[in-house]
Amino acid sequence: MQRSNHRYVYFAGGIVVTLTLAVAAKYLAMLPVLGIMGQLVLAILLGIGLRAVAGVPEQAMAGVRFSGKRLLRAGIILLGMRLNLGDIVQAGPKVAGIAAINLVFTLFTVYGLARWLKMDRRLGLLTACGTAICGAAAVAAIAPQIKATDNETAVGAATVAILGTVFTLVYTILYPYMGLSASGYGIFAGATLHEVAHVIAAAVPAGQQGSDLAVLVKLTRVAMLVPVALILGLIEGRRERKLHRRMKLSDGAEEGCAAETEGNRERKKLPVPWFIAGFLLMSGINTLGVIPQPLASDMITLAYLLLAMAMAGLGLGIDLKTFSSMGRKPVLAGFIGSVFMSLLGFGLVHWLGLS
């Protein structure tokens, strides 16, 4: 009985550690320079730093893993309250078109570069999705779909965060020389930057009009997280079924029947993760205005707190040696893909007459 009580205490302690890091990240994100990185990225870095300096008792890692998985899904669901589907429709087809074209182009470009660099398939997908859609939040949402490890998830999230920070600073410096109007620059920033925090920070020089358009275009990309996650779920399910069939051929008839039965069960499962469905449901609720705006804002704040706790949990699960060995190629692939995405976005703004 006493041993069981100790287990629960350590479990709760692990959750408290991630909560503490998430709150610390929130306050650090209020500082001028660190604010560009955002709460989620800072939570990962704090987790990595704490593990490197002090470590976490193994008994408490169950609570840390709970934050990294269960609270992650809860945060993704609540994040849907940030998305108003009606605003996306009202923005017009050109804005949605820029967001969609940039997203698809960047997905294939970064993933192609990742494979060319001989990166692991899952880490390549996470880097591509984080770069193309919405940074660390996209990495966190896609990771369960492709069964990525905690190390891969943490490296993918940190990679796109670093790249987004660099590009945010470059955009801010180059804005006076781009020849774009405030609205044109806002559309460009929203269509090409990685995190929502990056978009908000980079759009400040464009004023209120540019900032509003930047966030709108960015949230249009966020909405595309749902179909991308579903498609990747279908692809992953097909890969698993092919693996079962290969096991059947190699292991003989008796073991093959077991594999086939397992494959049939996999085939019957819907490729729709419940947390992605929840994200879409919350977006619909927010669009209908069922929940008062102050409460909706509180729910978004809670969503980022839960996501930050999850990111802290992931950071606590990775050491610096692992990051240094895994992170070089993702940064290179993401950087090249981000440059191409920026050039494409800039060209589309001019071509569609939105400059």
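Visitor: Is Lys147 buried, partly exposed or exposed?

Guide: This is a predicted model, and every value here is computed from it. Lys147 has a relative accessible area of 47% and therefore counts as partly exposed. The cut-off for exposed is over 50%. Lys147 is found in the loop between α7 (136-146) and α8.

Visitor: What is the phi of Lys147?

Guide: Start with the general idea. Most residues other than glycine have a negative phi. In this model, phi of Lys147 is near 55°, a positive value in a residue that is not glycine. Lys118 also has a positive phi, of about 65°, and is not a glycine either. Lys118 sits in the loop between α5 (93-116) and α6. With a relative accessible area of 71%, Lys118 is exposed.

Visitor: How many helices and strands does the chain have?

Guide: The chain has 17 helices and zero strands. Of its 355 residues, 50% count as buried. Among contacts between residues at least 6 apart in sequence, 81% join residues at least 24 apart.

Visitor: Which residues have the most contacts inside the largest nonpolar core?

Guide: The general idea comes from soluble globular proteins, where nonpolar side chains tend to be buried together. Here the largest nonpolar core has 98 residues, and those with the most contacts inside it are Ile98, Ile133, Ile142, Tyr171, Tyr185, Val228 and Met311. Helix α15 (residues 293-316) supplies the largest share of this core, 14 residues.

Visitor: Which residues is Ile142 in contact with, leaving aside its neighbours within four places in sequence?

Guide: Ile142 is in contact with Leu126, Cys129, Leu225, Val228, Ala229 and Leu232. Val228 is itself among the core residues with the most contacts.

Visitor: Where does Thr18 lie, and what does its side chain make a polar contact with?

Guide: Thr18 lies in helix α1 (residues 2-28). Its relative accessible area is 0%, so Thr18 is buried. The side chain of Thr18 makes a polar contact with the side chain of Ser67, at 2.9 Å. Beyond its neighbours within four places in sequence, the contacts of Thr18 are Val64, Ser67, Met309, Ala312, Gly313 and Leu316.

Visitor: How many residues of α9 are buried?

Guide: Ten of the eleven residues of α9 are buried, so this helix is largely enclosed by the rest of the structure. The buried residues include Tyr185, Phe188 and Ala191. As for Ala191, its C-alpha atom is separated by 9.9 Å from that of Gly97, although the two residues are 94 apart along the chain. Gly97 lies in helix α5 and is partly exposed, with a relative accessible area of 22%.

Visitor: How many salt bridges does a search of the whole structure find?

Guide: Side chains of opposite charge can pair when their charged atoms come close. The search finds two salt bridges in this structure. In one, Arg122 pairs with Asp120, and the closest N and O atoms are 3.7 Å apart. Asp120 is partly exposed, with a relative accessible area of 37%. Arg122 is partly exposed too, at 24%. Arg122 also forms a salt bridge with Glu152, with the closest N and O atoms 3.3 Å apart. Arg122 lies in helix α6 (residues 121-134) and Glu152 in helix α8, so the pair ties together parts that are 30 residues apart in sequence. Glu152 counts as buried, at 6% relative accessibility. Salt bridges with shared partners join Asp120, Arg122 and Glu152 into one network.

Visitor: Which residues form a nonpolar patch on the surface?

Guide: An α-helix has 3.6 residues a turn, so residues three or four places apart point the same way. The patch consists of Ile162, Val166, Val170, Ile173, Leu174 and Tyr177, which together have about 580 Å² of accessible area. Tyr177 is placed in the loop between α8 (150-174) and α9 (182-192). At 69% relative accessibility, Tyr177 counts as exposed. For the chain as a whole, the accessible surface comes to about 16,600 Å², of which 68% belongs to carbon and sulfur atoms.

Definitions and conventions: Residues are numbered from 1 along each chain as its sequence is written. This is a predicted model: local features need pLDDT of at least 70, side-chain atom pairs count only at pLDDT 80 or more; totals for chains, interfaces and linings use all residues. Side-chain values use heavy atoms; hydrogens and water are left out. Patches are made of residues with over 30% relative accessible area and no salt bridge: like charges are joined within 9 Å, nonpolar side chains (Val, Leu, Ile, Met, Phe, Trp, Tyr) within 5 Å. Accessible areas come from the Shrake-Rupley method with a 1.4 Å probe; for residues, only the protein chains shown count as cover. A salt bridge is a side-chain nitrogen of Lys or Arg within 4 Å of a carboxyl oxygen of Asp or Glu. Helices (H or I, at least four residues) and strands (E, at least two) are DSSP runs, numbered from the N terminus. Buried means under 20% relative accessible area, exposed over 50%, partly exposed in between (1.4 Å probe, protein chains only). A nonpolar core is a set of buried Ala, Val, Leu, Ile, Met, Phe, Trp, Tyr and Cys residues joined through side-chain atoms within 4.5 Å. Contact means heavy atoms within 4.5 Å. A polar contact is a pair of N or O atoms within 3.5 Å; within protein, one must be able to donate a hydrogen and the other to accept it, and residues adjacent in sequence count only if both atoms are side-chain atoms.
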